[in-house]
Amino acid sequence: MEKKYQKFITLKHLLIERQQCIGLQFYTDKVLLALVKELPKVQWSDTFNMFYLKNTRRNVSLIFEKFRGVAWINGNYFFRNKMFNNDNIKADTVWFKNRKNNPSYRRCPEQYLQKLELKRYANNTIRNYVSCFESFINYYKCRNLIDLNENDVRLYLQKLIKENKSNSYINLSINAIKFYYEIVLGMPNRFYAIERPRKEQKLPQVLSKEDIFSIIEHTNNIKHRCIVELLYSAGLRRSELLHLKLTDIDSKRMLIRVESAKGNKDRYTLLSKTILNDLRIYFKQWRPKKYLFESPNGGRYSAESVAKIVIKAAKKSGVKPRVTPHMLRHSFATHLLEGGTDLRYIQTLLGHKSSKTTEKYTHVATNIFLQIKNPLDL
């Protein structure tokens with residue numbers, strides 16, 4: 001007869017003092033408590049109200065060994081959410097903790113930020129979520145957060161509409177609010193019925209090949225040239241460019257490995273022969289150590305610097321309107337489509353989860369319109 005355990009322990013992912021930890025959640029029990037205290041370097045967290053130890057494969061094995069035959073280990077949540085990848089870029093939350101403390105301003109709970117870090121959200125996403133959620137909780141400054149309901153959220157959203165906030169900002173605010181109640185507090189579908197505004201269907205801005213070549217020719221040096229060429233020829237997001245390591249350039253297969261891109265997905269994209277030659281010249285001159293593009297003080301190049309390089313080169317070339325790094329990615333996709341590349345391949349190169357996202361480029365690919373006979377000319 002199969003033995004039924006009367007005791008069980010639930011494993012949780014915790015982030016404590018920027019260290020990835022395993023949380024041990026269980027009902028008070030003398031036997032379990034004694035065994036837990038025998039685990040190596042186990043500590044108690046008042047914040048999470050549970051014991052924890054460092055998240056390592058060895059410690060996971062020790063937990064199962066320690067409680068075998070004594071308690072059932074519930075690892076459903078723990079193993080469904082993948083263990084941390086230490087190679088991922090760590091979230092920068094120093095700005096949050098170093099902000100000036102304004103007594104009249106309601107800051108988002110510490111658990112909110114910890115959960116965002118724990119889920120490995122991108123830095124920009126963390127900033128946006130915190131900003132939107134703090135705007136919400138300061139609107140209800142004198143209310144207990146747990147008492148707020150769907151009507152309160154709707155009233156707040158109506159306020160945003162009156163302030164002419166964009167649909168994307170309103171959707172972001174809804175996501176930030178839902179994240180607190182559904183993810184941080186674990187209240188599934190708390191605001192399931194909240195109506196969302198339709199997403200604005202804006203067409204991507206695309207440059208001509210001539211304009212892009214002109215921008216490349218008006219860069220200041222080989223480093224700047226490589227940055228612009230890579231953004232265009234590989235269809236990279238700015239953040240993806242900044243995270244590229246020397247080892248991501250595969251000259252044998254003529255591919256670029258893009259790690260932990262949007263949605264924490266890895267992918268490969270194209271490596272141009274032209275950019276490979278320029279990269280070799282760049283490497284001999286600049287000698288980067290880890291990242292493909294590094295700041296003068298070491299470490300990754302800044303996003304602001306990349307934007308300035310593109311804007312400055314575009315101005316010198318006389319290209320209008322104002323050019324952004326992301327426009328080069330849009331141009332990459334559009335030019336591939338105009339050249340006859342299958343939409344599914346473009347989706348893979350761009351790292352789009354849905355083909356619908358890639359289909360927007362069919363609206364700006366000019367060769368498609370050239371094939372259509374105008375009814376006035378029939």
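Domain bounds come from an automatic or database domain assignment. This is a predicted model, in which local features need pLDDT of at least 70 and side-chain atom pairs count only at pLDDT 80 or more, while totals for chains, interfaces and linings use all residues. Residues are numbered from 1 along each chain as its sequence is written, and side-chain values use heavy atoms, with hydrogens and water left out.

**Exercise 1. State which domains the assignment gives and how far apart the C-alpha centres of domain 1 and domain 3 lie.**

Step 1. The assignment lists domain 1 (8-74), domain 2 (93-184) and domain 3 (209-369).
Step 2. Between the C-alpha centres of domain 1 and domain 3 there are 45 Å.

**Exercise 2. Describe the open sheet of 5 strands and find its edges.**

Step 1. Strands (E, at least two residues) and helices (H or I, at least four) are DSSP runs, numbered from the N terminus.
Step 2. The strand order is E3-E4-E2-E1-E5, and the pairing is mixed; two strands pair if DSSP finds at least two bridges between them.
Step 3. Strand E3 (43-45) and strand E5 (72-74) each have a single partner strand, so one side of each has no neighbour in the sheet and they stand at the edges.
Step 4. E3 is joined to strand E4 (residues 50-54) by 3 bridges, and the two run antiparallel.
Step 5. Ser45 has Met50 in E4 as its bridge partner.

**Exercise 3. Determine which residues of helix H15 (residues 343-350) are buried and what covers them.**

Step 1. Buried means under 20% relative accessible area, exposed over 50%, and partly exposed in between (1.4 Å probe, protein chains only).
Step 2. Ile346, Gln347, Leu349 and Leu350 are the buried residues of H15.
Step 3. These residues lie on the same side of H15, because they cover an arc of only 165° around the axis; the arc is that of the directions from the helix axis to the C-beta atoms.
Step 4. Arg344, Tyr345 and Thr348 are exposed on the other side of H15.
Step 5. The cover of the buried residues includes strand E8 (267-270), helix H14 (325-338) and helix H16 (355-359).
Step 6. Just after H15, Gly351 has a positive phi of about 80°.

**Exercise 4. Locate Gln205 and list its contacts beyond neighbours within four places in sequence.**

Step 1. Gln205 sits in the loop between helix H8 (167-184) and helix H9 (209-217).
Step 2. Its relative accessible area is 45%, so Gln205 is partly exposed.
Step 3. Contact means heavy atoms within 4.5 Å; by this rule Gln205 touches Pro321, Met327 and His330.
Step 4. Gln205 and Arg329 are 124 residues apart in sequence, yet 9.8 Å apart in space, C-alpha to C-alpha.
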